[in-house]
Every structure is written in C-alpha cells, then in structure tokens.
Amino acid sequence: MDITILIFLFGGLFLGWSLGANDAANVFGTAVGTRMVSFTSAAIICSVFVILGAIISGAGTTETLGKLGAINALPGAFAACVAAGISVYLMTKVGLPVSTTQAIVGAIVGWNLYTGSSTNIQVLVTILATWILCPIIAGVTAMGLFTFTKRFILNRKLHILRLDAYTRTALLLAGAFGAYSLGANNIANVMGVFVPISPFTDINISNLFIFSSKEQLFLLGGLAIAVGVFTYSKKVMYTVGNDLLKMSPVAAFIVVVSHSIVLFLFASQGISDFLQSINLPSIPLVPVSSSQAVVGGVIGIGLLKGGKEVQWSIAGRISLGWVMLPIIAAIVSLIVLFVLENIFNLQVSF
Amino acid sequence: MFGLKSASLFGDTKKLEREIDEFVDIVSEVGLVFKSIVPTYLNHSANGKFEEMVEKVKEMESKADKITKDVEHTLYEETLIPDARSDVLRLLEHIDELIGMYQGNCYHFSIQKPNFPKEFHQDLIELTETVVNCVESLCLTVRSFFRDIKSVRDNAHKVTFYEKESDIKFSSLARRIFDSELPLDQKMHLRYFVEKIDRICDQAEDIADEVQIYAIKRSV
C-alpha cells in the first residue's frame, strides 16, 4: 500500500482516537464515575464491542454520511477527519463533552463549501433534526425506564448488596450494548469518508468468509477508537459520571441503557426496515451524538427528580458547545483544505 | 475473566448479606439477654446465672466486633456499594457501640453491685423492657434499610416512641429514688444505673435518625 495512503488514513485514525477518548467515555462514564465498574473492565469491554459494532452494523450510517457529501479524494477525506479531530480536541480542552458526529458533519459541509460541491440539504436537515431529537428521545426513555426500574426495585425489596451486584452486572451488559451501538452508529464518522476511496481490497478467507475492504476500514477505525479509550478516556469518564448530576448507580445504568437504545435505533437497518414494512415512518440511519444521548438521559433523570439537582449552567455550556462544534469544524476544514491545496499542492477533490 | 469476577461478586454479596443479618440478630439477642439479666441480678439468689449471662453478652459482643471488621474489609476490598459504603460502615460501628453499651451496663452491675431496694425493682424492669423494645424497633429499622427502604420511616417512628416512653420511665424512677429515704450516695449510685440504661435508648434513637438520612440518600 502506498505510504501516502497510510498517512491520509492517519487522519481518520486520529478522529477514531478522539472518538474513543470522548464518545466512548460517554458509554461507561456514569458506570466508572459512580465507581461501579473499574476503568480497566470498562475499557476492555468498550473496545471489544465498539469494534464488533463497527464491523457488523456500521454500514447504515456510513451511507447517510456519504449522501451528505461524497468526498472523492483521499487528501480531502484526510482534511475532513483532521478538521473534525482538531475541533473535538479543542472542545475537549475547554471541558465540553462533544461528539465526533457533529464535528465530521461540520467538516464535510466545509469540504462541500471549499470544493463547490452541493450539500444535500435534505440529508443535512435530517441529521440536524436527529441531533435535536436524540437528546429528547434519550431523556424521555431515561424517564420511563427510571420510573419503571425504581418501582420494580422498591417492590422486589432487594437487599442493598444484591441490588449493587445486579446493578454492576447490568452496567457491564448495558455498557457492552452501548459500545456496540456506538461502534455501529459512529464508525461512519471515523471511516465513512474513506469508504468510497478505500485503499484496501476484499480478502477471501478460505472461501468461507469475505472480509470486505469496508470491513477492514471499520476494523482499523475500531482499533483507533480502542486506543482512544485506553489512552485518554479515563478523565472524561469521571467528568461525565460526576459533573452534570450526582447519580446513583441505578440511575447510571438507566443513562447507559437510554443512550444505547437511541444510538442503536439510529443505526439499526433492521428496525428501520421493520417500521417501513408496517407502513410507519422509518428511522433515518444517521450518526447521532453519543454525548447528546448521555446528556439527554442524565437531564431526563434530573427532571424526574424535580430538576433542582441538575447543573443547568453546565447543561447550557454543553448545548452551546453542540452548536459551536459543527461551525468550528467547518471553518477548520476550510483552513486545512486551503493549506493542503495551496501549500502541499494536493488535490482535495476531483 | 468477567464471568469469574461476576461469580465472586455474587458469592461475596451473599456472604455479606448473611453477615449483616447475623450482626443485627446479635443486637436483638443481646437485648433479650439484657432483658433477663436485670431481673436475674435483682433476684440475688441467682447470682451464678447472672455472671453466666454477662459472659454470654461478652461473647456476643466479640462476635459482633469480628463481623463488623469482616464486613468492613470485604466492602473496601471488593469496592462494593460505593455510594453507600461509608454510611453502612458508620451504621454498623454505631450499632456496635450500642452492643458495647449493653455490655458496659452488665459489667457495671457485675462490678459495682448496686443495691436496688425492692420497691424500685418493677420500675427498673419496666424501664429495661422499654429500652429493649426500643432497640428491637431499631433492628427492624436497620433491616428495612437494607431490604425494604419504604418501611424505614415507620420502624424509625417506633424507635422514637419507645425512646420517649423510656424518658418518662427514667424520670419517674429517678424522681422516686431521690424522693426516697435512702442515703444520698446510694441515690446517686442508683441514678447512675438508671441513667446508663436509659442512654441506650438515646443512642438507638440517634442511630434511627441516621438510618432515615441514609435511606433518603439511598433512594434510587
């Protein structure tokens, strides 16, 4: 493989790393923050299931992202990923939980603007609408699940220690589901732009199984996410788990489940097809923000408890970050593209 | 790896549940022994049995101490119930102090041998019974904290009720002692014992208040 291709792919891997550090932290943040699951267990489970989710179910959201803007040159894809990665890194430095989803969408729009390609407004509107819907759905799901679980626990009269053991196990399972959903939903952010220009070829394994070039890309992206989880997510996990709302372990579990359900909904081809088959509006397969899902879930539980315990100033700052991130990513994307084209003489589009 | 960890988690959980139940059982049993100790002491003819009962309380207190240490170690080593761990340990320590108060009373009876005239016997026995009922209600409060959080308030209310009863009985007995013709040194000596028994109720009520706060914190 050409070394330049590897260098360009590095942009996606950088974005994968930041996804592992930030978004993946959302999955286990509440579990690790409440000290119910150790960081090492969380990191191992998260990495394994993110990779599985990416390879098995990552295709749906990738297609949508491709429709937003089909970046057709490797340097262009590199620029979009680096721009998204830098934007996420900047926001993380400020201490705001953001998602690569918003960054990559901003970066793709930036590429469209720079190259004069048209932005599919319908897809963009769909993506933006899901960003508003995502925290709302997560919040409402968390409220419903929390009410049900609370009633169930009180009626079952579980011993505090047994409840603790069940909650730990449930957190691990929900975390695994969350990591799978994250991999399925968000791998498009990391590797989606490289799919049309994948440098890999399909590998036929003993005529039993074809490891497609797309799956190889997703595996690579998944590994980058895993590295992000192990190297940088610990601090973010504690921030997510403790800062916005002081949560009980059961509430932490509900947040993880709600987050995972939302991400799964927006990544599942099966659910989308099923809804369509019974003449219901299908769910768009869109990469949604795991940060938005988690924050939506936490606020949902906070509202259920009267809303007094929610740190609304922090929630406000986080929302501002969500609006700012795609704009910043688009601007950084324009700058990176300009640099690549004019200083390095690289062709960023065909 | 996670399967084994999970199996050990559930194993530790069951062991701890048993230990905590056993600990509360001891508190309850010490109370029942104490309820018999006072009439046994007052009945001078059965002093051998009295010392035997004091020894039994001592053994139970040592057992409770051992359980408290075991629970403390397991909770910290296995990082169980991280959100309620410090509350549970504080609770067990305070209940352990309650057992210590029972034991202290027994020792004081054994060493100082207060001379209660017959006219105060019934009042002293009734005060002791109220104190033991108060601690019994505390045991229910503690059990409900671990298993049935909704009942904590009801049981804690009973503790408060018995504590008030005990105060009334203590005041009445103390008044009767000081109104009697006994010499002042004996009056002071008897008052010391009555007051020490009544203090068990005060401690039980403090613990019940504590449990109510922990229950609010524990609310899912």
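**Reading a chain contact and a helix pair**

Student: How many residues does each chain bring to the contact?

Tutor: Chain B puts in 19 residues and chain A 20 residues. Keep in mind that this is a predicted model.

Student: Which helices of chain B supply at least two residues each to the side that touches chain A?

Tutor: Those are α1 (2-42) and α4 (121-147) of chain B. The most comes from α1(B), with 7 residues.

Student: Where in chain A is confidence lowest, and where is it highest?

Tutor: Start with the chain as a whole: the mean pLDDT of chain A is 84, with 97% of its residues at 70 or more. Then go helix by helix: α3 (residues 59-68) of chain A is lowest at a mean of 72, while α2 (residues 39-57) of chain A is highest at 91.

Student: Back to chain B. How do I read the packing of α4(B) with α6(B)?

Tutor: Look at the axes, then the angle. The axes of α4(B) and α6 (residues 184-218) of chain B come within 9 Å and cross at roughly 15°. Angles under 35 degrees count as roughly parallel, so α4(B) and α6(B) are roughly parallel to each other.

Student: What is the handedness of the crossing?

Tutor: Left-handed, as α4(B) passes α6(B). Among the residues making the contact are Leu127(B), Val131(B) and Leu138(B) of α4(B), and Ile197(B), Ala204(B) and Val211(B) of α6(B).

Terms used:
Residues are numbered from 1 along each chain as its sequence is written. Chains are lettered from A and ligands numbered from 1 in the order in which they are written. This is a predicted model: local features need pLDDT of at least 70, side-chain atom pairs count only at pLDDT 80 or more; totals for chains, interfaces and linings use all residues. Two residues are in contact if their C-beta atoms, placed from the backbone, lie within 7 Å. Helices (H or I, at least four residues) and strands (E, at least two) are DSSP runs, numbered from the N terminus. pLDDT is the predictor's confidence in each residue, from 0 to 100. Axes are lines fitted to C-alpha atoms, for helices over the stretch in contact, and angles run from 0 to 180 degrees between N-to-C directions. Angles under 35 degrees count as roughly parallel, over 145 as roughly antiparallel, 65 to 115 as roughly perpendicular and the rest as oblique. A crossing is left-handed if the near helix is turned anticlockwise from the far one by less than a right angle, and right-handed if clockwise.
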